[in-house]
Amino acid sequence: EDEDDAPSPEDVVVRAKSYYLTPMKIDEAVIRMEALGHDFFVYLDEDDDRISVVYVRRDGGYGVIQAENPIK
């Protein structure tokens, strides 16, 4: 195999984690994210049952990414 095709150490997943997504509103997700000292937090949006990620934007404030496919 060609050495150029081999994954570099920074491309290898070194940790996997799973947990139950607690339904909550975005303001609670922001509070939990800040309490953990993280720059993103995954949660289940209480209003529309979508998997959501709240994150700290580089230019200030927060952003939200939501899955378009609802949970069945």
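Strand 2 and strand 3 form a hairpin with five residues between them, and Asp49 in the turn adopts a positive phi of about 55°. Strands here are DSSP runs of E of at least two residues, helices are runs of H or I of at least four residues, and both are numbered from the N terminus. The model is predicted, so that local features need pLDDT of at least 70 and side-chain atom pairs count only at pLDDT 80 or more, whereas totals for chains, interfaces and linings use all residues. Residues are numbered from 1 along each chain as its sequence is written, and side-chain values use heavy atoms, with hydrogens and water left out.

Asp49 lies in the loop between strand 2 (40–45) and strand 3 (51–56). Its positive phi occurs although Asp49 is not a glycine. With a relative accessible area of 43%, Asp49 is partly exposed, this class lying between buried (under 20% relative accessible area) and exposed (over 50%), as computed with a 1.4 Å probe on protein chains only.

The secondary structure of the protein chain comes to one helix and four strands, which follow the pattern β-α-β-β-β along the sequence. The four strands form an open sheet of mixed pairing in the order 1-2-3-4, where two strands are taken as paired if DSSP finds at least two bridges between them. Strand 1 (23–24) and strand 4 (62–66) stand at the edges with a single partner strand each, so one side of each is left without a neighbour in the sheet.

Strand 2 and strand 3 run antiparallel and are joined by five bridges. Within this pair, Phe40 stands opposite Tyr55 in strand 3. Strand 3 and strand 4 also run antiparallel, joined by five bridges. Here Val53 stands opposite Ile65 in strand 4, and Val54 has Val64 of strand 4 as its bridge partner. The hairpin of strand 3 and strand 4 has five residues between the strands, and in this hairpin Gly60 takes a positive phi near 105°.

Helix 1 lies across strand 1, strand 2, strand 3 and strand 4 and runs at about 150° to strand 2. Axes are lines fitted to C-alpha atoms, for helices over the stretch in contact, and angles run from 0 to 180 degrees between N-to-C directions. In helix 1, Ala29, Val30 and Met33 are buried. They cover an arc of only 100° around the axis, which puts them on the same side of helix 1; the arc is that of the directions from the helix axis to the C-beta atoms. Asp27, Ile31 and Ala35, on the other side of helix 1, are exposed. The buried residues of helix 1 pack against strand 1, strand 2, strand 3 and strand 4. After helix 1 comes Gly37, with a positive phi near 75°.

The largest nonpolar core has seven residues in all, namely Met24, Ala29, Val30, Met33, Phe41, Tyr43 and Val54. Such a core is a set of buried Ala, Val, Leu, Ile, Met, Phe, Trp, Tyr and Cys residues joined through side-chain atoms within 4.5 Å. Helix 1 (26–36) and strand 2 are the elements that give two or more residues to this core, and helix 1 supplies the largest share, three residues. In soluble globular proteins, nonpolar side chains tend to be buried together.

Val30, located in helix 1, counts as buried at 12% relative accessibility. Apart from residues up to four places away in sequence, Val30 touches Val54 and Tyr62, a contact being defined by heavy atoms within 4.5 Å. Val30 and Val53 are 23 residues apart in sequence, with a C-alpha to C-alpha distance of 9.8 Å.

Over the protein chain of 72 residues, buried residues make up 17%. Among contacts with a separation of 6 or more, 11% are accounted for by residues 24 or more positions apart. The protein chain exposes about 6100 Å², of which carbon and sulfur atoms supply 52%. Accessible areas come from the Shrake-Rupley method with a 1.4 Å probe, and for residues only the protein chains shown count as cover.
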